[in-house]
Amino acid sequence: MISLILALQNSHQMAGSSGGSFDLDSQSDEIYRLERQYIEPVFNSFVCPLTKKVMHDPVAIENGNTFDREAIENWFKECKESGRKPSCPLTSTELKTTHLNPIIALRSAIEEWAARNEAAQLNMARRSLSTASSERDILQAFNFMEFISKGSGTNKHDVHNPEMVRLVVEMLRNSSGNVRYRALKTLRVLAEQDSNMKEFMTEGDTVRTTVKILSSEQSTEREKAEAVSLLYELSTSQNLCEKVGAVQGTIPILVRMTGSESENVKTAEKADKTLDNLAHSENNLRQMAEFGRLEPLLTLLLSGNPVTKQSMSALLGDLVLNNDDKVRVAETVGSQLVNLMRSDDIQSRESSLKALNQISSYDASAKVLIEAGILPPLVNDLFSVGGKHLPMRLKEFSATILSNVVNSGYDIGSVIIGPENETLVSEKIIHSVLQLISNTGPSIESKLLQVLVGLTSYQKTVSQVVFAIKTSGATINLVEFIEERNLRLAAVKLLHNLSPYMAQELADALIAAGQLTCLVNIIMENNGITEEQAATVGLLAKFPERDVAFTRQMLKEGVFWDIVSRVRRIREGQIRGGRFTTPYLEGLVRSLARVTYVLAEEPEATFLCREYNLGGQFTDLLQPNGLDNVQIASAWALENLSIETKNLTRKFNPPPPGVCASIFTCFSRPPDTTAFCWVHGGVCSLKETFCLVDGKAVEKLVALLDHQNEKVVEASLAALSTLVDDGVDIEEGVMILHNADGTKPIVEILVEKRTENLRKKAVWVVERFLRSERIACEHSNDQNVVSALVDAFQHGDHQTRQIAERALRHVDRLPNFSDIFPTA
């Protein structure tokens, strides 16, 4: 029993030192006596003379003295090693023999005595495990429990019982960090010594409370280390892994600890080993994967048997992965999942398709899947018929995956998918896609339309798709999808991509199918501004501007009236649409501008422009810092309107002021809405005759000549050039532009030569300017202007060279011109 007391004292001293709360060596005699009152006295016959401790295996030597077997054997060994004959340690008498005789009766008495003392000490420990006990008593109780648990005494079963475990678990809620730490350690020791204790701990609050300690900011580093060690010990029982992992927070916290640089290295390693043990449960695998620990799942997917692979791919398909994880999964098991797609087992194919459906939703991971060879089996699944064909519910997954990979930005046209070197944009494949679209349900139709959207989004592949669509005769069918609510966004995007290559065919099909109304209804829906509306009005704006039949149909159906109203409401702030407002407004203005392209052919277009003062509307849209595409469309529309002005102006020569007008100035004032226009030689206004001179249109267009966008400059210059066009008073037009400070920016456009189109138009306008002696004199000494005209004369097309030559002749009247162009 002395060995028991000494062991308890030693362990208490260690605990006191590590916890910093007390030291047994400093206890008062009174406290020491209180601890000892539950222990029977130690009989002298129980104590080994050599070790001064209670004997475990008492034996008698030749002269009858009693020692502990291990102690006397060590004594005899020392005698032999030192060259001495065996002797009695007590009497120094030499012995004839080293034979040892076991003393069974004494051993039994010692064991009985130890058991009674252990029972008394255990009873004391049980009473100490309460909130009323001192920290010192609680820690001493833990020491005793650990000692009994590690031993082989008859009282071990009294420590390894649910009641004692519950008492220790209650101590995990103690306010003292020392107590919590020692409680965790004691529970770990109990779990190490008895598997039944592990099972009991997983049934109660042990794991839940341990996880709380791990998650608490108040827990010390050693508490967390011991908590992880306890969870590790519990996880070594494979049949308990699911119970441990099922406790809320266990797996997320352990995963976080393995990836945290702030955690103790050894603790993080222990957490990692714990997770490896817990991975034996599929539910735990799911949790780990959800929190970013995908390696156990991926490992099984790579190396497991067919059933395991199918199970893991199904699990992967149910997860919600972040984009980085999608790439990691694609790189690790992408090829394995593609192989599962080729399986004859329908469940394996289904699970792999679900997993690939999610992984392919991110562009970077979709590209990895293409490299892994996903396209051939994917296309085969979609178009196959017969015994191995996929059911429609799985073809929807295949169509979704195909849509994802096609829209990933990969050079899809170069990927071989068939035995005859077919690619996705081969005519045969596109025809198969179009046929499947016509013979399947809305969900697959939508995805296949998105496939075509992706294929027509790239310059390398769009021409082949356009050719296949034309040869298939499917244009009408594609247009008709606009009326299907679930399909129309994809259909509109596809038609938008096709419009630069077959705009006229699409416009004709739209009218033939009676879908213009449907298109307009989408644009005018009163549910804010959606992506669908922005795409639809963008498509409408793409149709040929000079298609009189199409514009006439738009007039007939009242489309322009709706557009005018919608533009006005957006500009007044009555409609807000977030990020789609810009493309929506641009599409509306471009669509509205098309009415100005048929003024000569369609009288109703002229009536509409007057009725809604479109000249004023487009002038207002030229506002500074406005949208480039809105300014471009508005400027081109103003050019078209201004061209028509000379046909609408009421020509007459104004009479000289009479007597009344000289006396009463009111008689000489023009009407409020009209005035005599010296450029057009008659009564003009911006609203009635679309004259740019009225309503500050000239000033706004001149301001745009300094725009960074060449297309804005080109459209503005084209509109201004109508004031010096044939059929108007060019000299008056020049003066209008000059007074609006337009001469200098136009000349700068000529000198800068930003684009060929700008140079051509600038040469034309400058030649008109130089017809005025005043303007010619101002620029005759400007070597930059002359050099620009010479360059145009030398390098321009035939018409530009002729105009440049005329411009140079205007300047040739000045003396210094001969220095640059010697007379032949």
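**A tour of the salt bridges**

The count comes to 42 salt bridges, where a salt bridge is a side-chain nitrogen of Lys or Arg within 4 Å of a carboxyl oxygen of Asp or Glu. This is a predicted model, in which local features need pLDDT of at least 70 and side-chain atom pairs count only at pLDDT 80 or more, while totals for chains, interfaces and linings use all residues. Residues are numbered from 1 along each chain as its sequence is written, and side-chain values use heavy atoms, with hydrogens and water left out.

Select Arg-173 and Asp-205 to begin, a salt bridge whose closest N and O atoms are 3.7 Å apart. Arg-173 sits in the loop between α7 (162–170) and α8 (177–193) and Asp-205 in the loop between α9 (195–203) and α10 (206–215), so the pair ties together parts that are 32 residues apart in sequence; helices here are DSSP runs (H or I, at least four residues), numbered from the N terminus. Arg-173 is partly exposed at 46% relative accessible area, and Asp-205 is partly exposed at 37%, given that buried means under 20%, exposed over 50% and partly exposed in between (1.4 Å probe, protein chains only).

Next, select Lys-428 and Glu-422, which form a salt bridge with the closest N and O atoms 3.7 Å apart; Lys-428 counts as exposed at 51% relative accessibility, whereas Glu-422 counts as buried at 9%.

Methods: Helix = DSSP H or I, 4+ residues; strand = E, 2+ residues; numbered from the N terminus.
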